[in-house]
Amino acid sequence: MARLPIINPENSTGKAHDLLTAVNKKLGLVPNMTRVMANSPAVLEAYLQFSGSLEGGSLDAKSRERIALETAEANQCEYCLSAHSAIGKMVGLSEAEILDTRPAHSKDVKSAAALNFSRLVIEKRGAVNEADVEAARKAGLTNGELAEVVALTVLNLFTNYVNTAFQVDIDFPVVKGLSAVAR
């Protein structure tokens with residue numbers, strides 16, 4: 001059970017109602033994560049703007065979902081693992097690609113570099129070094145893509161922390177973390 005109320009869009013008012021209506025219009029549903037964020041319309045609006053801005057970046061939907069999956073696995077966020085496994089399939093990732101991505105692996109050199117760089121950002125709390133940046137560049141990531149990898153990692157840390165802190169009820173087919181599966 002979520003630690004914050006899951007706001008019902010039909011009973012919401014004001015800015016929260018407007019934002020939840022926009023989510024429903026875009027996705028055809030209102031995920032529990034956004035319903036919980038609606039407890040503070042400023043939080044939901046920040047999430048939607050940040051996410052929306054990155055959708056217009058140079059990294060495609062598959063790359064964005066790979067980073068979301070890798071970040072969720074690193075943070076053991078089952079809500080995000082579940083949501084992004086479903087979304088990953090919708091944008092064309094195979095089941096094998098989804099599983100490979102979670103521990104920051106990919107058969108594609110550039111995707112592997114992006115995932116590795118994202119994982120380093122998480123593990124080093126942003127304090128990556130010149131060698132980390134140069135390795136990602138050598139694998140084909142542009143300066144803009146490197147900036148987007150950091151931004152996407154931070155966006156997903158935000159959602160991981162919201163979902164974990166408030167124990168948001170998973171409203172996607174449940175996916176367990178790899179460490180939980182190995183037990």
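Student: What is the relative accessibility of K15?
Tutor: K15 has 40% relative accessibility, so K15 counts as partly exposed. Please note that this is a predicted model.

Student: And which residue forms a salt bridge with K15?
Tutor: The partner of K15 is E45, with the closest N and O atoms 2.9 Å apart. This pair links distant parts of the chain, since K15 belongs to helix α1 and E45 to helix α3, 30 residues apart.

Student: Which residue does R137 pair with?
Tutor: R137 forms a salt bridge with E134, and their closest N and O atoms are 3.4 Å apart. Both lie in helix α8, which covers residues 130-138; they are 3 residues apart, so about one helical turn separates them. R137 is partly exposed at 34% relative accessibility, while E134 is partly exposed with a relative accessible area of 29%. Salt bridges with shared partners join these two residues and E130 into one network.

Student: Changing topic: how much space lies in the largest pocket?
Tutor: The largest pocket holds about 750 Å³ of space. Its lining has 30 residues, of which L27, Y47, S51, E55 and I87 are the closest to the centre.

Student: Which elements give two or more residues to that lining?
Tutor: They are α1 (14-27), α2 (32-37), α3 (41-55), α4 (61-75), α5 (78-90) and α9.

Student: And how do the lining residues divide into nonpolar, polar and charged?
Tutor: The lining of the largest pocket has 20 nonpolar residues, 6 polar ones and 4 charged ones.

Student: Why does V154 count as partly exposed?
Tutor: V154 counts as partly exposed because its relative accessibility is 39%.

Student: T159 is also in helix α9. Buried or exposed?
Tutor: T159 counts as buried, because its relative accessibility is 3%.

Student: Last topic, the backbone. What is the phi of Q76?
Tutor: Phi of Q76 is near 55 degrees, which is a positive value in a residue other than glycine. Q76 sits in the loop between α4 and α5, and with a relative accessible area of 56% this residue is exposed.

Student: And what about phi at A104?
Tutor: A104 is not a glycine, yet its phi is positive, about 70 degrees. This residue lies in the loop between α6 (95-101) and α7 (109-123).

Student: Is A104 buried or exposed?
Tutor: A104 is buried, with a relative accessible area of 12%.

Note on methods: Residues are numbered from 1 along each chain as its sequence is written. This is a predicted model: local features need pLDDT of at least 70, side-chain atom pairs count only at pLDDT 80 or more; totals for chains, interfaces and linings use all residues. Side-chain values use heavy atoms; hydrogens and water are left out. Buried means under 20% relative accessible area, exposed over 50%, partly exposed in between (1.4 Å probe, protein chains only). On a 1 Å grid over the protein atoms alone, a cavity is a set of points where a 1.4 Å probe fits but cannot get out, and a pocket is an open set with protein on both sides within 12 Å along at least five of seven lines; lining residues have an atom within 4 Å of a point. Grid points are joined across faces, edges and corners, and a volume is the space filled by probe spheres set on the points. Helices (H or I, at least four residues) and strands (E, at least two) are DSSP runs, numbered from the N terminus. Ala, Val, Leu, Ile, Met, Phe, Trp, Tyr, Cys and Pro count as nonpolar, Asp, Glu, Lys and Arg as charged, and the others, Gly among them, as polar. A salt bridge is a side-chain nitrogen of Lys or Arg within 4 Å of a carboxyl oxygen of Asp or Glu.
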